[in-house]
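Subject: Structure handover

Hello,

Here is the structure for you to look over. My notes on what turned up follow below it.

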Amino acid sequence: MSDSRQSDPPGRRRLEDVIDDETRYRAVDSRDARFDGVFFTAVTTTGIYCRPSCPAVTPKRVNCTFYPTAAAAQGAGFRACRRCRPDSVPGSPEWNHRADLVGRAMRLIGDGVVDREGVAGLATRLGYSARQLQRQLTAELGAGPIALARAQRAQAARLLLQTTELPVTEVAFAAGFASVRQFNDTVREVYDRTPSALRTESGTRLATTATPGALSLRLAYRGAVDAEHLMDFLALRAVPGVEEVVPGKRGIRTYRRTLALPHGPGIAEVDSPAPSGSGSAARGWLDCRLRLADLRDLTTAVHRLRALFDLDADPEAVAEQLGADPLLGPAVAARPGLRSPGHVDPHELAVRAVLGQQVTVAAARTLAGRLAARYGTPLPEPSGGLTVLFPTAAALAEADSADLAMPAARQNALRGLCAALADGSVRLDAGVDREQAADQLLALRGIGPWTVGYLRMRALGDPDVFLPSDIGVRDGLRRLGAAADPKAAAEAARAWAPWRSYAVHQLWALASAG
């Protein structure tokens with residue numbers, strides 16, 4: 001599909017169409033955190049670049065240059081501000097919804113494809129030549145794929161230096177650098193510090209008994225976040241052995257799950273903020289802990305967790321559109337910051353979507369747990385309730401009928417889907433063309449519009465999916481006093497574009513409220 005046919009949905013304008021440099025400067029002057037990650041401000045008199053909300057004295061307008069990415073600012077010779085750490089901001093919400101080449105490329109770069117497969121591998125996945133890809137990314141973002149991946153590696157290096165006791169040499173290769181010299185040069189250019197000085201600057205005292213491969217970090221987000229909905233949503237669907245939500249102190253809940261990463265297994269833990277009133281609910285990040293078999297998977301693990309919790313979203317843009325609707329507006333006002341959760345493994349989600357066809361969420365979760373115990377790969381060492389990685393598509397394509405407690409038609413649908421995922425005839429990776437993937441899925445026997453829509457919403461991160469036939473959606477509409485038949489629901493949802501996935505979650509939340 002050409003990029004001209006992958007234009008943004010009606011009603012959605014790209015940021016560059018609505019934000020000029022004067023608007024950017026006003027955001028900097030007011031320290032508006034909503035724009036963190038959307039653009040970066042470089043100050044010619046100091047040689048540094050910052051996030052818009054940097055607490056430093058606002059520079060004069062004449063000294064400011066604005067860049068769409070940290071990589072572009074670094075490429076222009078600016079180093080990262082040590083006060084606001086612009087490399088740690090949430091990603092631009094542009095990459096959530098854009099279906100064109102640049103959006104798809106940014107999602108794949110975020111997943112670490114350049115580090116694993118090089119620019120040639122990235123271009124092949126996108127169906128473009130490396131030269132075409134370089135030209136389009138540079139024209140729009142001010143940096144090509146190598147520079148964008150380099151900025152990402154620098155951030156991973158800083159995190160490893162400041163949260164682990166790994167020797168500097170090991171940090172270099174774990175962060176994805178090809179050589180120690182390249183690592184040293186990049187850290188000095190980006191942070192104006194040597195790796196050793198950057199580590200010392202953090203002031204973090206790490207225990208000498210730290211678990212190998214264990215990291216603590218913060219997952220930044222912009223605006224409000226309805227962590228209660230996120231945790232409820234994930235807890236209801238948690239597959240035994242693969243994921244769990246456990247209670248903690250001060251009302252905090254922790255989501256835990258296993259991760260199948262490119263270089264080995266991992267375990268992730270993400271805490272909800274403390275309940276409202278404790279003063280920490282609006283702090284702007286979620287605490288996260290990772291245990292990785294191979295630290296080269298750090299960038300990939302973080303990218304996938306951010307997608308799972310929808311942390312790069314712009315909740316104010318969503319609320320502005322949905323909150324203005326007479327029908328949905330009161331619900332939006334009552335649940336600020338509601339997110340549309342993605343997933344860490346599109347293949348896993350695809351399997352679980354088929355398992356959930358025409359059965360309750362609880363029944364689908366139970367069956368998924370049995371399949372995980374039978375066909376999943378055991379962890380080297382169990383961790384709490386986590387024991388296995390979810391089975392691969394190839395393993396489930398050959399699953400014994402006795403283990404598939406479902407009608408024959410759904411068994412065939414599951415096997416057909418898994419075979420297509422295993423041989424690559426259906427792709428659901430971070431940079432896939434959503435329309436093409438939807439067509440490929442619909443061509444499979446037993447895969448219908450609900451399943452495809454659900455996968456677009458969660459596996460492919462499409463923010464504008466509506467599920468008019470979904471029972472929970474229809475129950476939510478009834479609670480609003482609206483017509484709930486699929487045709488009427490689809491018609492009402494037209495006013496909610498381009499954020500219909502968030503409207504679905506609003507309706508699900510209403511339906512589950514009792």
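Tyr 67 and Phe 78 are both buried. Keep in mind that this is a predicted model. The two rings form a pair, with centres 6.1 Å apart. Their planes stand at 55 degrees, so the pair counts as tilted. Tyr 67 belongs to strand β3, while Phe 78 sits in the loop between α3 (70-75) and β4 (79-80). The pair therefore ties together parts eleven residues apart in sequence.

That is one of ten aromatic pairs in the count. Another is Phe 39 with Phe 66. Here the ring centres are 5.7 Å apart and the planes are at 85 degrees. Planes over 60 degrees apart count as edge-to-face, so this pair is edge-to-face. Phe 39 lies in the loop between α2 (21-29) and β1 (40-43). Phe 66 is in strand β3 (residues 64-67). The contact therefore joins parts that are 27 residues apart in sequence. Phe 39 and Phe 66 are both buried.

Next, charges over rings. The charged end of Arg 153 sits over the ring of Phe 177, 5.5 Å from the ring centre. Arg 374 does likewise with Tyr 375: its charged end sits over that ring, at 4.8 Å from the centre.

On to the cysteines. How many disulfides are there? The count comes to zero. A disulfide would need a pair of cysteine sulfur atoms within 2.5 Å. Cys 288 is buried, at 2% relative accessibility. Cys 418 is buried too, with a relative accessible area of 0%.

Cys 418 also turns up in a helix contact, on the α19 side. Its partner helix is α16 (residues 346-355), and α19 covers residues 408-423. The axes of α16 and α19 are 10 Å apart, and the helices pack at an angle of about 170 degrees. Angles over 145 degrees count as roughly antiparallel, and α16 and α19 are therefore roughly antiparallel to each other. From α16, the residues that meet α19 are His 347, Ala 350, Val 351, Val 354 and Leu 355. On the α19 side they meet Arg 410, Leu 414, Leu 417, Cys 418 and Leu 421.

Best wishes

Methods: Residues numbered from 1 in each chain as written. Predicted model: local features only at pLDDT ≥ 70, side-chain atom pairs only at ≥ 80, totals over all residues. Heavy atoms only, no water. Phe/Tyr/Trp six-rings, centres within 6.5 Å; stacked < 30°, edge-to-face > 60°. Helix = DSSP H or I, 4+ residues; strand = E, 2+ residues; numbered from the N terminus. Buried < 20%, exposed > 50% of the residue type's maximum accessible area, 1.4 Å probe, protein only. Lys NZ or Arg CZ within 6 Å of the ring centre and 35° of its normal. Axes fitted to C-alpha atoms, helices over the stretch in contact; angles between N-to-C directions. Parallel < 35°, antiparallel > 145°, perpendicular 65-115°, else oblique. Contact = heavy atoms within 4.5 Å.
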